[in-house]
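Hi everyone, thanks for coming. I'd like to walk you through one chain today, so please have a look at it before I start.

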Amino acid sequence: KLCGYLNKLGIKGPIKTWKSRWFFYDENKCRLLYYRTAQDINPLGSIDLSSASFDCKMENGEGVFEIRTPSRAFTLKAISKQAMMYWLQQLQMRRWEFCNTQSRFPVGSSQLVNEPLAGRTSRCCTYVVDNEDFLPLVKTPTDAVGLKAASLPAPQTSTALQNISLKHPWTEIQNTVYNICGSKQLWGSNGNIFSFDEFQEHPDNVDEEQVAEEGTLEDGRTGPRLNWIRKARWMNSGFLGSEELSREKNSVDKVSVLQQQILTLTEEVKSQKELVKLLHKALEAAQQEKRVSSMYLTAPEDKDRLELVRHKVRQIADLTSRLEALEQEKKELEQILTLRDSHIQELKDHVQLLMEKNHAKQEVIMTLTEQMAREFSDPLQEANTITVETLYKQQEEIEHLKDDIDAYKTQNQFLNSEIHQVTRLWTSVAENEKALLMKCACLQARNCQMESKYLTVLRKLQEAVPGLPDSQAELVKNLIQEALQWDVKEEAEE
């Protein structure tokens, strides 16, 4: 499939902006449809390629080309020069195939019409070979063209607001609603995912008591099923009113409201997670305290209780000694870190000093070199001496000129192929017109023969049977007059 993202130049008075569009070639109508994104269902417009011509102008920038139709010109931009040449060659091939398919006549046509078609059909198959004489075929850039490019994010050369088509607001609203409502996964955070398929399983008139019974746990907390249904009703209530809101607000406001709601819910989920962690820690501390208290209360004698207290005191003393050792180790590490930081700073200062010395030495070398060049140069040629910077600039200019020459060579080759193909299309149309004129002449001659025979038969019928009834004789006379009048009309038209 010939499809992919291209930037389309939009002109609003003096303002010119590039807008990213998804282009898709329709083989049945030979049209290039363009959408805002690859997921849209309604196109923003189309370009008729059957009577279009293509042009690439290197002075407009890399990847810029034009499609000129009888009504207007479309300026498009690909992500690279390779992608631009691929689009141009593919559009040429699709136009050639469509025009040759349309120029073929039905099977029952005359032999005079079918004779030139054989040559045209054979030439249609050799288009690729002829095109290689001008410009070799470009390999398919799979990262920018094809159905795989639909899964990639659109290249954003402008803001989202500028990328919206203001000419087709209704199409934009339809595509936006379809993209929002048609996505399978609308919300996801740590496994909490809900889709419209789950909402459709529950009707709108669900009994509140039944929902409460199904969605409430034993300890009185709200279950996940009730949360799902509440979220579904909240989302559905928002989307049911989208038709009314579309009359007052544009689609950009809707998207911003939805994004704000998503951020709010995300923050709420994060706060709930932090609260759950704190409650887990408090619960573990309470359980530990409860176990120690139960062991102390269930001890049979005071000796056992005293042993428990001694054990806890020993543990506290051990932890205190460990804490002191860790603090001492921390102090030692801090001292080592301070020493390392000072050493690193000394090394940085030393490196900076060496760089300054190196720079000063390079300046001295450059000064001495220029002095030696001035001393050893011819006095008559001192005015024509070229510095190193001038040579460097000239070298850069030469490289740029080489790139421009290559670009203009490519443009010249493509324009030659375009002129060649348009000429062949024009020749094919001229041959078709000539064949149709010949067919029309043959049919007109055959029609004249039939009319002559018809008139002769009527004359013979009138002369051979003189005793015809008046009604029949009048009918034959009227038919003869009509036939003669047809001849007069055709001669007048000619």
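I'll begin with the whole chain, then turn to its aromatic pairs, one threonine, and the helical part.

A word on the ground rules: this is a predicted model, where local features need pLDDT of at least 70, side-chain atom pairs count only at pLDDT 80 or more, and totals for chains, interfaces and linings use all residues. Residues are numbered from 1 along each chain as its sequence is written, and side-chain values use heavy atoms, with hydrogens and water left out.

The chain has 12 helices and seven strands; helices (H or I, at least four residues) and strands (E, at least two) are DSSP runs, numbered from the N terminus. Of its 494 residues, 25% count as buried, meaning under 20% relative accessible area, with exposed being over 50% and partly exposed in between (1.4 Å probe, protein chains only). The accessible surface is about 35,700 Å², and 57% of that belongs to carbon and sulfur atoms; the areas come from the Shrake-Rupley method with a 1.4 Å probe, and for residues only the protein chains shown count as cover.

Now, how many aromatic pairs does a search of the whole structure find? It finds two. Rings of Phe, Tyr and Trp (its six-membered ring) pair if their centres lie within 6.5 Å; planes under 30 degrees apart count as stacked, over 60 as edge-to-face and the rest as tilted. Tyr-5 and Trp-22 have ring centres 4.9 Å apart and planes at 70 degrees, so this pair is edge-to-face. It links strand β1 (residues 3–12), which holds Tyr-5, to strand β2 (residues 15–26), which holds Trp-22. Both Tyr-5 and Trp-22 are buried. Phe-23 and Tyr-34 form a tilted pair, at 5.6 Å centre to centre with 40 degrees between the planes. Here strand β2 is linked to strand β3 (residues 31–35), with the partners 11 residues apart. Phe-23 and Tyr-34 are buried too.

Next, Thr-75 sits in strand β7 (residues 73–77). Is Thr-75 buried or exposed? It is buried, because its relative accessible area is 17%. Leaving out residues up to four places away in sequence, Thr-75 touches Asn-7, Lys-8, Leu-9, Trp-18, Val-64, Phe-65 and Glu-66, a contact being heavy atoms within 4.5 Å.

Finally, the helical part. An unreviewed UniProt entry lists residues 255–346 and 391–418 as "coiled-coil region"; such annotations may be inferred rather than shown by experiment. Over residues 391–418 the model is 100% helix and 0% strand, with the end C-alpha atoms 40 Å apart.
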